[in-house]
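Please open the structure in a viewer and follow the stops below in order.

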Amino acid sequence: MKSYWRSLEERQNPEQFKIDDARAEIDQKRDLMKKDAGSSRRDFLKTFGFSIAGAAVVASCKKPVEKAIPFLVKPEEVTPGMANYYASTYFEGNEYCSILVKVCDGRPIKIEGNDLSPVTRQGTSARVQASLLNLYDDARFRGPQKNGEPLPWTKIDAEITESLQQLDTSGKKVVLLTSSVISPSTRTIIEAFQKVYPRVWWLRYDAVSATGILKANQLSFGKAVIPDYHFDRAKVIVSFGADFLGTWLAPVEYAKKYAQGRDLTRQAEMSRHYQFEAGLSLTGANADVRFPVKPSEELLLLKQLYNRLCLSGGLPPAAGDGQSPVDLTALAEELTRHAGEALVVSGSNDYRLQLLVNAINHLLGNYGKTITFDRPLLTRQASDEEFALFLTALAAGEVGGVICHGVNPVYDHPEGEKIAALLKNLPLSVSFSDRIEETTAVCTYVCPEPHYLESWGDAEPKTGSFSLMQPAIRRLFDSRQPQESLMKWAGQEVNYYEYLRQYWEKELFPKQSLFDGFRQFWNDTLQKGVFELPAASSPLAWSEAGLTEALEAAGPASQGWELVLTESVALGNGKFANNPWLQELPDPVAKISWDNFASVPVKWAEENGVTNESVITINGLELPVFVQPGQAPQTISVALGYGRTVAGKVGDNLGVNLYPLQPVENGVRKFFLTGVNVELTSKRYPLAISQTHHSMEGRPIVRETAFGAWKVNPAAGNELHAIHESKMVTLYEKKEFKGHHWGMAVDLNACIGCGNCAISCPAENNIQVVGKEQVRNRRIMHWIRIDRYFSEQPENPRVSFQPVMCQHCDNAPCENVCPVAATPHSDEGLNQMAYNRCVGTRYCINNCPYRVRRFNWFQFVNNEKFDYASNSDLGRMVLNPDVTVRSRGVVEKCSFCVQRIQDKKQLAKIEGRPLRDGEIQPACVQSCPSNALVFGDMNDPESKISKLMADPRNYHLLEELHTLPSVGYLTKVRNVAES
């Protein structure tokens, strides 16, 4: 049997780890008791008795104040307590998602993926889910400002217009600095603005750009675009440093396609995934075969792979092959066998690597099959080289004004300090940011834009695929959309909503044939949220331009340390560092929240006495250490997006900003740095590590097998299940569920460990943020956690992810021990939690073998010590009125989103029909981008859940305990030769 481990300490000495773990928990409890050591038990009981008596007197004499304003004229579409849903669009930080917004009593309270979208379909990422909380962020501006002081829009418009006219007359450039713009109507507004002010230079800037891919495709195909990658069509996937399941380009779309290519519940085949990378990324953790390599080795590896493919095709290889750090013979042979069914990608920003990737895909005949150009991706348009020209012009005094929209270069550019100093001296500097940030802090004017849930707009994430954005709430503050500001400053007194309709009527309505009238077309698109034109088939001619130069550039790896800069799966590029939901989301691999850290190789750490929470310096910057299994030798990985200084009360001064260390070569930003100086220190820094919160004591909870073994025996790797099923003997009376019997299935082949469910669940169920200290004290409140297990050698381990929530056991151990019956079992198989009955004995927590119950050690709402998102009236607007907000001393846990179950049952009853299979979807199920979770009625033999429960791969956690969970897991299958 394989040995699984959560941390290096557990792997090296499991028994001592358990002892130390238990001691640490006892020490924490002892410390808490010491804080209250001044009062005896008798004093406590006396005080408690008087307090209760006093509270009873006060409660009986004083009626609480209730604030309620009735409708004088009720809007037709609003029924108090009933939710409405609006289709809209999310596009922030270069990430796109078509969404549905749940609105209750005028408040957006939940975001889901739009299943009608041809791009993202149903599913979201953690950042999409958490974007709801940004709407209710106290750091948002309340209105326009000049030099930090409020100023009416009329005066701001007059002053900015005058400045624009003066700069245009003087010959000075005005730079409109935006992130990638995928709104076609916004592009036309910007072009019209440039006609009025010819000196305006529209420049696109992305903190994490795709300059390398754009430049390589310009050379290879004559067009600077990002193609459409079809991971679902590929039989073999090879990635060189591209974290396409976590942060690269379009992770929501790619996760769904990747899972489809490995779905053994629908097909009898699955893709094989190879990953070359330095740090263990989310994508690397899901790979079948992974090679830890230094970033400086990737160019040589690509050249060697190209040469082997040339030889297989009878073509002459390039000279100077060099010594390979990895034997690529078997990989080249497999790619050759699957020519036209393979996909090779790279996350590098070096165009030479991307040219070699293009050449390999061309040799394999992948273009037109697994890679197409009929719908290129438009979410990354910025050029680092163009931004370098801007910096030169800015320093030379050629720029008189800068208007910033969706960018923060003072924080996320290597020359941020220089940019800040130059912006302060400009005659005109404007920011459209809706909240405080580093760049906005040095701008003269702040013209805050509304949150996207308060805005109108459109999007074209791929050529020919459109979606609409519509407001789901009236603007909370005195904000204005940037499009309206640009039109007003250009002398156009047009409402952006009217402009948007006119644009769609003129540009898109004539291209469709389904509707005769524009109003019908507009309303239908607004309701569905998406509209797609037929794909334009335009095959691009292949060119070898630049290929010789790329091949000649391949050489041996650099000597010494290399620093790898990555995007955080939670925070991305750091734009929303003030979002506490994202800060508390554990990193999917390291299981650390509230900080970035230096991931170092295991062997080096052992040789130098470095452990987790040690502190090292990297080119002078101090960073805490996490000893990361799978980290390539002589490499250190650190996430960007931390170290914000002007973000808000949550995001300020968390972690270290690594953008200043980012190297720039010929104007292009690179994401690894060679020749890094690493020094040890004697310091320690506490990290909120949650990976050892829930140890499974070495029991066989993760089950896996090889694809070859599964094809021979569908129950391979799951032999224990049949053994336990045959020994089902119990003294309990067998429960019968005459109506529904709800259950959930988790396909471990589809779960990628992204953590989206761990944000979707708190958004739906009002789960509170507890902060770094409480996470360190093992008190994180997430109802669903993603357990991460390592197996095999720590230098390059295999990784397993397993979502664990309340198992809703039919023989639930928690139900028997509650002295006040706060944990009853429903007649539909749900393990319920009666909050107003719970007295906090925590017997249920101690008796739960799955460790899925959470205890409210503190009052997390309206408590200054936990000032994250629930202390202000604005922050509490995010709360779901269908779910109770728990108080101190109460146990809580997963309810299978019982409020959603009741809602759909009531709807079916009103409509006089039975429930449809799949109609009820808990928050985690509905938002999962890879469709790893399935919920349904196990009493319905035709339901999907029943079929999955009967799948030979299905098993239950700790089924030897005979708790009879209602959650099943499908054995993970790896496409490798051995099990």
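In which loop does S895 lie? Select S895: the loop runs between β37 (891–892) and α29 (898–910), where helices (H or I, at least four residues) and strands (E, at least two) are DSSP runs numbered from the N terminus. The model is predicted, so local features need pLDDT of at least 70 and side-chain atom pairs count only at pLDDT 80 or more, while totals for chains, interfaces and linings use all residues. Residues are numbered from 1 along each chain as its sequence is written, and side-chain values use heavy atoms, with hydrogens and water left out.

S895 counts as buried because its relative accessibility is 16%; buried means under 20% relative accessible area, exposed over 50%, and partly exposed in between (1.4 Å probe, protein chains only). Leaving aside neighbours within four places in sequence, S895 is in contact (heavy atoms within 4.5 Å) with N765, W783, H808 and L830.

Next, select helix α5, residues 153–170. Its buried residues include W153, I156 and L167. Seen down the axis of α5, the buried residues fall within an arc of 165 degrees, so they line one face of the helix; the arc is that of the directions from the helix axis to the C-beta atoms. On the other side of α5, T154, T169 and S170 are exposed. Just after the helix, G171 takes a positive phi of about 90 degrees.

Finally, select β2, β3 and β4, which form an open antiparallel sheet in that order; two strands pair if DSSP finds at least two bridges between them. The edge strands are β2 (83–92) and β4 (107–113). Within β4, K110 is the bridge partner of K102.

Note on methods:
Expected span 1.5 Å × (residues − 1).
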